Amino acid sequence: MTTWVFLRGLTREARHWGDFPVRFRAAFEGELAATDILTPDLPGNGRLHGMRSPLSVNAMMESCRQQLRAQGKAPPYHLLALSLGGMVAVAWALRYPEECRAMVLMSTSLRPYSPFFQRLRPRGWPTLIKLIPAQGLQREQAILQLTSARAAELQSVLPTWAAYAREYPVSRISALRQLFAAARFTAREKPRVPMLFLAGNGDRMVHPECSRRLARAWQADCFLHPSAGHDLTLDDGDWVAHQVKAWMQA
């Protein structure tokens with residue numbers, strides 16, 4: 001049996017995967033059950049919004065491990081992770097390689113492989129600054145504009161996202177602590193698990209060159225979507241699922 005663990009990014013929660021888990025299972029044509037895909041939240045986000053986010057990626061990783069153990073879901077796992085979630089996945093594979101069979105890292109950047117202006121593109125800085133005091137629909141609109149290359153087409157997600165934010169609000173201090181943890185995380189050692197990197201040429205937040213650099217440094221496969229933005233699973237979840245399946249078969 002294959003167990004997949006999906007890890008979201010900055011201030012996002014499990015429900016922001018939308019229908020991607022369903023699309024992912026469909027691509028594997030009956031090989032995966034709904035219970036084979038696990039979606040833990042990072043501390044401070046989603047169901048854990050009442051917790052203060054830790055200042056380290058390693059602490060986020062340990063929280064995810066604890067959540068899975070509490071659910072009775074034993075390793076090993078396949079990790080599929082986006083952005084900050086990718087850093088959590090790398091930390092996991094470095095500290096507990098026996099628990100990780102493979103990793104799919106999407107829109108991820110790491111020190112020391114890319115300069116800061118590629119890890120967080122300058123065009124995204126004003127939006128991130130505006131996000132700190134913003135709330136409700138205005139905040140979710142800004143996030144959509146920053147993370148999706150199809151924002152104009154995907155406005156229908158905004159009421160749902162705003163409802164998530166009302167039910168499980170992420171505090172400003174937790175958002176800042178997540179940014180701090182992401183900025184300081186460093187991984188010089190190559191994880192000892194098979195890896196696939198995916199990125200979008202339309203990413204306004206993290207330059208796709210960050211994924212290419214990591215893939216070259218760690219001798220891993222890397223594929224770029226011609227137009228998708230930072231949130232690959234939102235912009236083209238079917239493409240992600242089929243890339244993963246083809247890579248797993250190869």
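This is a predicted model: local features need pLDDT of at least 70, side-chain atom pairs count only at pLDDT 80 or more; totals for chains, interfaces and linings use all residues.
A search of the whole structure finds ten aromatic pairs. In one of these, the rings of Phe-20 and Phe-24 have their centres 5.6 Å apart and their planes at 55°, so the pair is classed as tilted. Both residues belong to helix H1, which covers residues 20-27, and, being four residues apart there, Phe-20 and Phe-24 are separated by about one helical turn. An α-helix has 3.6 residues a turn, so residues three or four places apart point the same way. Phe-20 and Phe-24 are also both buried. The two rings take part in a cluster, in which ring pairs link Trp-4, Phe-6, Trp-17, Phe-20, Phe-24 and Phe-28.

Charged side chains are found over aromatic rings as well. Arg-8 lies over the face of Trp-17, at 4.7 Å from the ring centre, and Trp-17 is itself a member of the cluster described above. The charged end of Arg-12, in turn, sits over the ring of Trp-161, at 5.3 Å from the centre of that ring.

When neighbours within four places in sequence are left aside, Asp-231 is in contact with Arg-8, Leu-82 and Thr-147.

With regard to the cysteines, the structure holds zero disulfides, a disulfide being a pair of cysteine sulfur atoms within 2.5 Å. For Cys-64, the closest cysteine sulfur is that of Cys-100, and because the two sulfurs are 11 Å apart, they are too far from each other for a bond. The sulfur of Cys-222 likewise has its closest cysteine sulfur, in Cys-210, at 11 Å, which is too far for a bond.

Cys-210 leads on to helix H9, which spans residues 209-217 and whose buried residues are Glu-209, Cys-210, Ser-211, Leu-214 and Ala-215. Just after helix H9, Gln-219 takes a positive phi of about 50°.

How values were computed: Residues are numbered from 1 along each chain as its sequence is written. Side-chain values use heavy atoms; hydrogens and water are left out. Contact means heavy atoms within 4.5 Å. Rings of Phe, Tyr and Trp (its six-membered ring) pair if their centres lie within 6.5 Å; planes under 30 degrees apart count as stacked, over 60 as edge-to-face and the rest as tilted. Helices (H or I, at least four residues) and strands (E, at least two) are DSSP runs, numbered from the N terminus. Buried means under 20% relative accessible area, exposed over 50%, partly exposed in between (1.4 Å probe, protein chains only). A charge sits over a ring if NZ of Lys or CZ of Arg is within 6 Å of the ring centre and within 35 degrees of the ring normal.
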